[in-house]
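Hi,

Here is the structure I promised to pass on.

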Amino acid sequence: MHGEYKVPGGKLVVVDLEVEDGSLRDVRVAGDFFLEPDEALLDINRALEGAPADTPAPELAARIDAALPEGTVMFGFSSEAVGVAVRRALAQATDWHHYDWQLVHDGPQSPALHMALDEVLTMEVAAGRRPPTLRVWEWASPAVVIGSFQSLRNEVDPEGAERHGMTVVRRISGGGAMFIEPGNTITYSLCVPDALVQGLSFADSYAYLDDWVLGALEGMGVKAWYQPLNDIATEAGKIAGAAQKRVVSGGGAVLHHVTMAYDIDADKMLDVLRIGKEKLSDKGTKSAKKRVDPLRRQTGLPREAVIERMVASFRGRYGLVDGAVTPEEMARAEELAATKFSTPEWTARVP
């Protein structure tokens with residue numbers, strides 16, 4: 001069995017192993033990480049040898065930590081990363097390079113249609129009818145997108161939304177509200193097979209699926225990192241938030257989508273969103289205005305150039321061919337946009 005795990009912001013960890021009588025055998029750890037002393041690699045292998053095959057990743061990490069000699073230096077990886085790689089080997093997880101990735105980047109579309117396209121394309125990936133897809137959104141109008149489980153009245157000031165001409169829609173994933181203005185927002189979705197995140201915890205999958213964009217941001221001079229559970233942050237503040245939805249039908253799939261602040265009208269945002277002190281309390285700030293630091297200021301690049309560089313980064317890492325939403329997919333999405341995502345029954349399902 002073979003498993004790989006690219007540590008977000010770090011190095012690749014590779015594990016090859018066998019399972020005999022329910023235990024790990026012939027474990028071999030490798031990768032492009034740095035480790036001192038050299039002999040510590042043998043200690044890692046020995047620590048994993050004979051471990052029950054159902055041992056969770058944190059317990060595998062604890063076995064490794066107990067076996068490492070004092071003063072061991074692990075750079076670019078950790079015992080936890082090795083544990084994750086073992087779990088991915090046992091789950092027969094796939095890697096990014098196992099797939100032919102498709103890019104969908106269409107013209108501006110309505111907020112409800114974007115919600116519907118996420119659902120339809122993810123279901124198509126789960127059914128095996130669509131390859132894994134990176135979809136870059138273009139917005140036809142300003143919007144507030146609330147999470148699947150958020151209270152509509154607690155999150156949105158209806159008078160403020162109406163005053164600024166903002167459509168309110170609810171997405172299928174959890175997480176917090178997104179304040180959208182077409183020229184100030186960069187949004188993308190990844191629709192991926194469930195096999196890509198096998199062996200990862202729910203929390204780890206967030207950082208794993210966005211490691212490529214951290215590299216893209218670094219190439220634009222922005223030092224960014226993942227701030228658990230679902231924020232992409234810089235020293236100047238948060239620049240993006242992610243959300244996920246798991247689909248269990250067919251072969252299973254994961255919808256992972258991210259909204260990035262290219263620019264932001266903070267006063268308008270506060271006029272539309274009801275951002276309470278409790279929400280800010282764990283963010284290390286007293287002001288919602290200080291939470292978000294737009295990419296426009298940090299990169300000095302036009303929005304279109306930021307998107308181009310992000311797409312180029314993904315293409316360079318994993319390969320990416322230009323694609324499109326099929327007529328059948330669009331027809332189903334348009335129907336869902338009208339019958340589900342534009343209805344008060346869905347938008348106010350949590351009043």
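Phe34 sits in strand β4 (residues 34-36); strands here are DSSP E runs of at least two residues and helices H or I runs of at least four, numbered from the N terminus. This is a predicted model, where local features need pLDDT of at least 70 and side-chain atom pairs count only at pLDDT 80 or more, while totals for chains, interfaces and linings use all residues. Numbering runs from 1 along each chain as its sequence is written, and side-chain values use heavy atoms, without hydrogens and water.

With a relative accessible area of 47%, Phe34 is partly exposed (buried is under 20%, exposed over 50%, partly exposed in between; 1.4 Å probe, protein chains only).

Now the salt bridges (a side-chain nitrogen of Lys or Arg within 4 Å of a carboxyl oxygen of Asp or Glu). The whole structure has 16 of them. One pairs Glu329 with Arg130, with the closest N and O atoms 2.8 Å apart. That pair links distant parts of the chain, 199 residues apart: Glu329 is in helix α13 (residues 327-341), and Arg130 is in the loop between α4 (111-126) and β7 (133-136). Glu329 is buried at 3% relative accessible area, and Arg130 is buried at 6%.

Arg129 has a salt bridge too, with Glu124 (2.8 Å, N to O). Here Arg129 is exposed at 60%, whereas Glu124 is buried at 6%.

Last one: Lys268 and Glu181 meet in a salt bridge at 2.7 Å, N to O. Lys268 is partly exposed at 21%, while Glu181 is buried at 13%.

Cheers
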